[in-house]
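Me: Please take me through the structure shown here by way of questions and answers.

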Amino acid sequence: MKKDIVIIGGGPAGLSAAVAAHEQGITDILILERENALGGILNQCIHNGFGLHVFKEELTGPEYAQRYIDKIAELKIAAKLGTMVIDITRDLRVIALNETDGVLDIQAKAVVLAMGCRERPRGALNIPGYRPAGVFSAGTAQKYVNIDGYLPGREIVILGSGDIGLIMARRMTLEGAHVKMVCEILPYSGGLKRNIVQCLDDYGIPLRLSHTVTKIHGRERVEGVTVARVDANLKPIATSEEYVTCDTLMLSVGLIPENELSRKAGVALNPTTQGPLVNSHLETSIPGVFACGNVLHVHDLVDYVSEEAALAGKFAADHVKNKDTFGSGIAVSCGTGVRYTVPTTIIPDFNERTTTIRFRVDNVYHNHFVSVFFGGDRMYHKQKRILTPGEMEQVLLPKQWFANQPDTKTIRVMLEEE
Amino acid sequence: MMHDAIIIGAGVIGANIARELARYQLDIIVLEKNLDVCEGASKANSGIVHSGYDAKPGSLKAKYNIRGNKMMAALCAELAVSFRQNGSLVVAFDAEEAIRLETLLDQGVQNGVEGLRIIDGETARLQEPNLSQNVTAALWAPTGGIVDPFQLTLAAAEVADLNGVAFHFGTAVTAISCTNGVFNVETSKGHYAARIVVNAAGVHADDLNNRLSSHKYQITPRKGEYCLFDKQIGGLVTSTIFQLPSAMGKGVLVTPTAEGNLLIGPNSVFVDDKSDTSTTEAGIRFVIDKAKQSVDNLPMPYVITAFAGLRATEKHEDFVIGEAEDVPGFFNALGIESPGLTAAPAIAQDMAGWIAAKLDAVPKPHYDGRRNRQPSFESLSVEMKQAMFQKDKNYGRIICRCELVTLAEILDCIRRPLGARTVDGVKRRTRAGSGRCQGGFCSPRIIEILARELGKDLREIVKASEKSAYLIGLDKDLL
Amino acid sequence: MRETKNLTCISCPLGCQLEVVVEDGKIVQIANYSCIRGKEYAEKEVLSPKRTITSILPVAGGDVPMVSVKTSEPIPKAKIGDCMRLLKDLKIVAPIEIGDVILANICDTGSDIVATKRVKRL
């Protein structure tokens, strides 16, 4: 089989990329989705708060997804559901599998990686103790509660205060479970303030900052956990240990871009984001392979995923039309306080009004300036009241800057105190 | 009903004795208190087929280790169990340790281990590039190997089952007595009687023996903790890297597993509780620190799980194999700690031989020792995958994304003899859920499949034991 | 009666710890806000806190067994518990369209329970 664009993943990123590619006139698109429905993880995110940027109204996850699914149907973009991609090669062959076709071997002109991310499991934390039933990652619990209609526990302790953990604290409470506390090893929560207030404070659920779970008790089903305060080096303080009775430990301890396929294809990855290294066209180290959404770097808002993925879809379409190759471009580096940037190289593109750099900071900063340097020249300097690792930041670079400084070799994004 | 023999315990020893006894026209039953085979000491260990330099010359450990090692390749081929003779290295870090390698070599030669050789640090690093720069010398044992302990146990049990041995799970022995040559066994599921009882009860084997025999044994469980790494770095080492053994066992090893992961561990700590398989912060830290001495570049972010197992250490530190002198018909396989996995086929061969002789048993004319098992779908070529799909559409449905396990494989593991009844049972048979996401993706799907296949509600599906259900009710049940 | 209420502003990541003094049901003072959004949030949150509630309900005869739902408008915080209990015994039948009213004017809030997912009839 041959296709102009194969999109791997039919979640928010894949759907938006497909729509955008279609808008560029490329219609021979195939979306491959492993679930039996399009929409990805949005289907289990039944809470509201999506769409404020893209649709200027507040939607739930399934509603947000449906807007794109309807668009896909309207544009007659093909999608194969229940289809798992098992291999991608350097020359853009995609091998997939489903119950109807068996093994699919598709030669693409461009591939968009939109596989999303997965949750860090318990093993990555090495929490000592037993390995009973009742330890769930928050996303798995979310599937039980929001898709299947089953409660995974009565008395819950949540470790990790990322947004999924907070959202699940509220969901479990509303459905009748008792969430005893949310422990966060860091001195601050990575979740949105709104979620801390509306998911925890509203229901009187304590948020224990600088606390972690040091032991899981119970041989068959979880019977309790030991909770301890941690010191400045995040090491548990033995004297602060406290036994908390519960039948469930829910983990919300981070998301990892799901790049097994990218790795197989030989796509170069960024060790910080664990997503592909991309240029400003969201193209990976393999020409014709683009990446967007949570497989590229973990986002906090689906709206930004949709925006980013639309760009990836557009550039994938450009690639199919023009067979452009861009070379290496201008390197973007991380200065003080900046953990990573996407992209890591910029190809000046005078068709685009602006080029977006998305980035995250490495700590909580108050009243710092975000600065962008083109070589030695500071082109952008803007004060922010607060910058936190939990909130993705972005700066838009107008095309004039590239036109005015054609000899720029490096771009640096950093935080400055003044 | 009177059975010819009751085997108590479906670990690697009990299952292999069952397989050997299945060759005869005998009525054999295996009683297992857990819901699956291989739930005790056989489950959580290093999965090493030891070459045999480590055991004290003249001991039963030495004897059965050497014999078991020689049997393993053929047995694993017959049973379709993953086995690889990857060789092992015992590494020394200074001149004093290098001398101890010589002692170990001599001991190995005495035990009859073939091919042992001492090599210098440079040669060892040529063979294992990630070996620490601090390694000055190593003992190379080419007959060392790796095997999947669960598969070895399950395969033996399956063959036993197919040849007429009955397995009763969830059946815990509560009392045992012997009158006029008949053993009466009381269990959580009722009364059993037999002419022969085989004690393959792992860490509980002393309790069982001590109820019948005046010759008392004492097993103190010795815990070993491990960290398992992602398959991505399963190739960090190709052979099994040991440190020098001490009074507390063979020390921390770094090894690839038969299924392609990297494993480090174990430590060695005596515990009071025969069910204490909890991991500890100190234990895991010890294992990591020790493993880092053996190899450079141990990538800690790739740890996918930690676990602990118990060794059934008898106070005389040797295996106890054979009929109890004062209880005719009562056969012990007791104190089976390392190298018990290696020794299992040889122990089983002897035990079954003695029991068959005692019962004047006649071989079955149609015994078939082979086990039919498809290679994992993931390991097949694209063409083979398509061919499998043509035979069964369920090969088109991937259930576990990390290990690429298909619906067809999961259904097969539930439907075949001694099929999986628990989520852990599916995991250990198919590897679904044993990859880097540790079941985050596939466990809800596996619970659904198990419920459908077993005609149960999702709430009744358990992880491993009866009280280990995942789901406690429906949404709003508690409102 | 005079009372002081403390709340965290949710308008941005700053999370200002707002202090609102209420006397006889009226706000007499708001402190510690750093922008107009914070002040507006405090007023609304103290006088009539409202929330959108979401849940799922079992569906008979659909292509999936459950449908996700929400309140069409935010409802008073104090009525959340009653609203959830009312949903407990609801039984609905496919097909369902996004926006279909499952239960009108729940707990007299003026807000309806509406579907947020499409469920096809099998």
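Me: How many salt bridges are counted between chain A and chain C?
Reply: This is a predicted model, in which local features need pLDDT of at least 70, side-chain atom pairs count only at pLDDT 80 or more, and totals for chains, interfaces and linings use all residues. Residues are numbered from 1 along each chain as its sequence is written, chains are lettered from A and ligands numbered from 1 in the order in which they are written, and side-chain values use heavy atoms, with hydrogens and water left out. A salt bridge requires a side-chain nitrogen of Lys or Arg within 4 Å of a carboxyl oxygen of Asp or Glu. Between chain A and chain C, the count is four salt bridges.

Me: Which residue of chain C meets the side chain of Glu63(A) in a salt bridge?
Reply: The N to O distance of this salt bridge is 3.0 Å. The partner of Glu63(A) is Lys70(C).

Me: What area do chain A and chain C bury between them?
Reply: Buried area is the accessible area (1.4 Å probe) that two parts lose on being put together, summed over both. Carbon and sulfur atoms carry 59% of it here. The area buried between chain A and chain C is about 2,300 Å².

Me: How many residues of chain B are in contact with chain A?
Reply: Contact means heavy atoms within 4.5 Å. Chain A brings 50 residues to this contact. Chain B brings 59 residues.

Me: Which residue of chain B forms a salt bridge with Glu260(A)?
Reply: Between chain A and chain B, seven salt bridges are counted. In the one formed by Glu260(A), the closest N and O atoms are 3.3 Å apart. The partner is Arg436(B).

Me: How many of the 12 residues of H1(A) are buried?
Reply: Buried means under 20% relative accessible area, exposed over 50%, and partly exposed in between (1.4 Å probe, protein chains only). The buried residues of H1(A) include Leu15(A) and His22(A). H1(A) is mostly covered, and its buried residues number 11.

Technical notes
Helix = DSSP H or I, 4+ residues; strand = E, 2+ residues; numbered from the N terminus.
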